[in-house]
Amino acid sequence: MVELMLTAFATLLCVTALLAYLNERFFHFPTTVGVTLAGALASIVLITLDTFHLIPGVRGWAASLLQTLNFTNFVLNGILAVLLFAGALSLDARQLLRQRGSILTLAFLSTLISTFLIGFAAYFVFNLVGLDVPLIWALLFGALISPTDPVAVLDLLKRARVPAKIETLIAGESLFNDGVGVVIFLALAGIAGIGGRHDGGVNAVEVLILFLREAGGGLLFGAVLGVVGYRLLRSINQHAVEILVTLALVVGGYVAAAALEISGPLAMVVAGLVISANRHEVFSEETGELVESFWETIDQVLNILLFAFIGLDVLLTRTTGAQLIASAVLIAVALAARWISVALPFMLVRAREGYGAYTVRLLTWGGLRGGIAISLALSLPASPYRTHIVTVTYAIVLFTIAVQGLTILPLVRRAAEASPDA
């Protein structure tokens, strides 16, 4: 089994490297967007070769390799901790602290509003096309598709020289709403009585307690991890040991959070931000550059692997006409819900914090979905509704990466020209 997993990972690594090379050499798309599109195209080619018996069995062979890795474990129980910690470490934590009101308002309120807007709309759309998905499953879909993943667009924001304030807002909101989205998903799964830690069904009070324990516990535990890391790192000045300490903090902290039944994603974000805020005390100039370069490289490599995996996972998706119709409608629904869920909470913070007219549009069109959505969809237990949700999730993720990810640059440029604060 271990040998098979190593073979599957080696294959994924080699394919990802090839896709990234071809994109960098010939197409020059943003890397995460390019490898996703190339992976999806490669999947379609393999499906075509298998369908027309040009290379019989090739789709089944490739699909079995991907299933060996298990996308959900690869993301939720694998690279997510590293990605969130690295993302938080790369941010200007002091700038994020100054914008904490808008970031936390969006992360919590926007994710909640989006979950219920998409969930209720999905319930009607699914049933309209004859898929008969229950309301609680539609709400689960709303929860898993609401968290945004701006990884693919952050490089574009930097190239367009978007104001640092807006970049911090987009990145900060995404880091926190990943954790919030997972907590909401777990709470709804508890209500549905499916899988996970709470498979017996829970009432409204228990859901509130669950939410507070997962989210509050994750935030508090992350702060403790960050302080422990800060004290350890401040007392040494050797970059290899400092890298080892941060790795242990991430991997050990994420496992401990899971054992404590609190939010590991939120804990990793807070831990990364605590160390980022004190980086000048924690690291010398020389070791700081080496440690931060390590985490930046790990972040980029794992993100490329993740987005290649997203593209290649098209191999595992078998669709019906009704699912395609539902996907097309729900792509528009998800985009509209994103705009509403950003615009409403933003009314509370926009005037006070001085954001410009383009900010809501940037947050809406830059709200890409990614690995979190797919991994949560794939974590759903077998049922007559699971395949509908997985198919629509893939469609929305690919649309946001391919269409929004490739077309946001003109919007960013207009925003930057219209106002230095967007």
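Mentor: Let us start with a definition: a salt bridge is a side-chain nitrogen of Lys or Arg within 4 Å of a carboxyl oxygen of Asp or Glu. Please bear in mind that this is a predicted model.

Trainee: Why is the pair of Arg338 and Glu173 called a salt bridge?

Mentor: The closest N and O atoms of Arg338 and Glu173 are 3.0 Å apart. The cut-off is 4 Å, so the pair qualifies as a salt bridge. The structure holds three salt bridges.

Trainee: What parts does the pair of Arg338 and Glu173 tie together?

Mentor: Arg338 belongs to helix α15 (residues 321–353) and Glu173 to helix α9 (residues 164–192), so the pair links parts that are 165 residues apart in sequence.

Trainee: What makes the surface patch with Leu18 and Leu406 a nonpolar one?

Mentor: Its members are Leu18, Tyr21, Leu22, Phe26, Phe27, Phe29 and Leu406. Leu, Tyr and Phe count as nonpolar side chains for a patch, so the name applies. The patch covers about 680 Å², and helix α1 (residues 2–27) supplies its largest share, five residues. Phe27 lies in helix α1.

Trainee: How do the axes of helix α4 and helix α14 run relative to each other?

Mentor: The axes of α4 (residues 71–90) and α14 (residues 285–312) come within 9 Å and cross at roughly 145°, and the crossing is left-handed.

Trainee: Which residue classes make up the contact of α4 with α14?

Mentor: The contact has 16 nonpolar, one polar and one charged residues. Asp counts as charged, so Asp299 in α14 belongs to the charged class.

How values were computed
Residues are numbered from 1 along each chain as its sequence is written. This is a predicted model: local features need pLDDT of at least 70, side-chain atom pairs count only at pLDDT 80 or more; totals for chains, interfaces and linings use all residues. Side-chain values use heavy atoms; hydrogens and water are left out. Axes are lines fitted to C-alpha atoms, for helices over the stretch in contact, and angles run from 0 to 180 degrees between N-to-C directions. Helices (H or I, at least four residues) and strands (E, at least two) are DSSP runs, numbered from the N terminus. A crossing is left-handed if the near helix is turned anticlockwise from the far one by less than a right angle, and right-handed if clockwise. Contact means heavy atoms within 4.5 Å. Patches are made of residues with over 30% relative accessible area and no salt bridge: like charges are joined within 9 Å, nonpolar side chains (Val, Leu, Ile, Met, Phe, Trp, Tyr) within 5 Å. Accessible areas come from the Shrake-Rupley method with a 1.4 Å probe; for residues, only the protein chains shown count as cover.
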